[in-house]
Amino acid sequence: MFCRLAAQELSLLSPRLSRENVRLVGIGLEELGVEEFVEKKFWAGELYIDEKKKSFNDLGYKRFSIWSLPGLLLSRIARSQAALGKERGVGGDLRGDGYQNGGLLVVGKGGKVLYSFVQENPADHAANEDILKALNLSAAGSEQASASSTATCGDGDVCSVKPKSPASE
C-alpha cells in the first residue's frame, strides 16, 4: 500500500514535470503486482523493473529486517499512511518483497544529483515540495503538493532530507 500511495503522490507532479520537460521514472523491484499497479494508474511516469535489485544495492538502499519492520509498521507515519490508503481505496495485498527500502533521486542534466531521499520507514516518501525545490520550480504550477517541505538545498549542492526517525513517531 505504501509504495502505491507514494507513487500516487509523485504522480501529482507529472503534468508539471512534463511541461518542464522533466522525466518521471520509477524503478520497481519485481514483476509481481506490476500489471495491477499500471492498470489502476498508481504511477504516471516511466516504469522499469530491476529484479536483481542492482540499482537498489548500488544506491545503498538497505533492507528492513524482520525484527525492525513490525515496529516501523506501528509508527505514527505508517498508521497515518495506512489510514490515507484506506480512505483513497488504494488497497494492497502484502505480496512481494516488503523488506526492501527505496528512495528518490532528482538528477539534473549531465547526471548531477540535485536531490536525494532515502526511505527509513516503509511509509516514508519524499515531499513533492522538496522535489520541486530541487528543480527550482515553484509549487504554484503544480496540481497539488504533499506534506511539509523539509529539504535543505544549497546553491549548486545536493538537496537532501533525512526523515524523522521511527523512534520519534
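Q: Which part of the structure, buried or exposed, does H1 belong to, and how many of its ten residues are buried?
A: A quick word on the ground rules. This is a predicted model, where local features need pLDDT of at least 70 and side-chain atom pairs count only at pLDDT 80 or more, while totals for chains, interfaces and linings use all residues. Residues are numbered from 1 along each chain as its sequence is written, and side-chain values use heavy atoms, with hydrogens and water left out. Buried means under 20% relative accessible area, exposed over 50%, and partly exposed in between (1.4 Å probe, protein chains only). Here eight of the ten residues of H1 are buried, so H1 is largely enclosed by the rest of the structure. Among them are Phe-2, Arg-4, Leu-5 and Glu-9.

Q: How do H1 and H6 pack, and at what angle?
A: Two packed helices are described by the angle between their axes and the distance between the axes. Axes are lines fitted to C-alpha atoms, for helices over the stretch in contact, and angles run from 0 to 180 degrees between N-to-C directions. H1 (residues 2–11) and H6 (residues 76–88) pack at about 75°, with axes 10 Å apart. H1 and H6 are therefore roughly perpendicular; that label covers 65 to 115 degrees, with under 35 roughly parallel, over 145 roughly antiparallel and the rest oblique.

Q: Which residues of H1 and H6 meet?
A: Phe-2, Leu-5, Gln-8 and Glu-9 from H1 touch residues of H6 including Ala-78, Leu-84 and Arg-88.

Q: Where does Asn-121 lie?
A: Asn-121 sits in the loop between strand E4 (113–118) and H7. Its relative accessible area is 2%, so Asn-121 counts as buried. Beyond neighbours within four places in sequence, Asn-121 is in contact with Phe-64, Leu-72, Ser-75, Ile-77 and Ala-78. A polar atom of its side chain lies 3.1 Å from the backbone oxygen of Leu-72.

Definitions and conventions
Helix = DSSP H or I, 4+ residues; strand = E, 2+ residues; numbered from the N terminus. Contact = heavy atoms within 4.5 Å. Polar contact = N/O pair within 3.5 Å; in protein donor to acceptor, adjacent residues only side chain to side chain.
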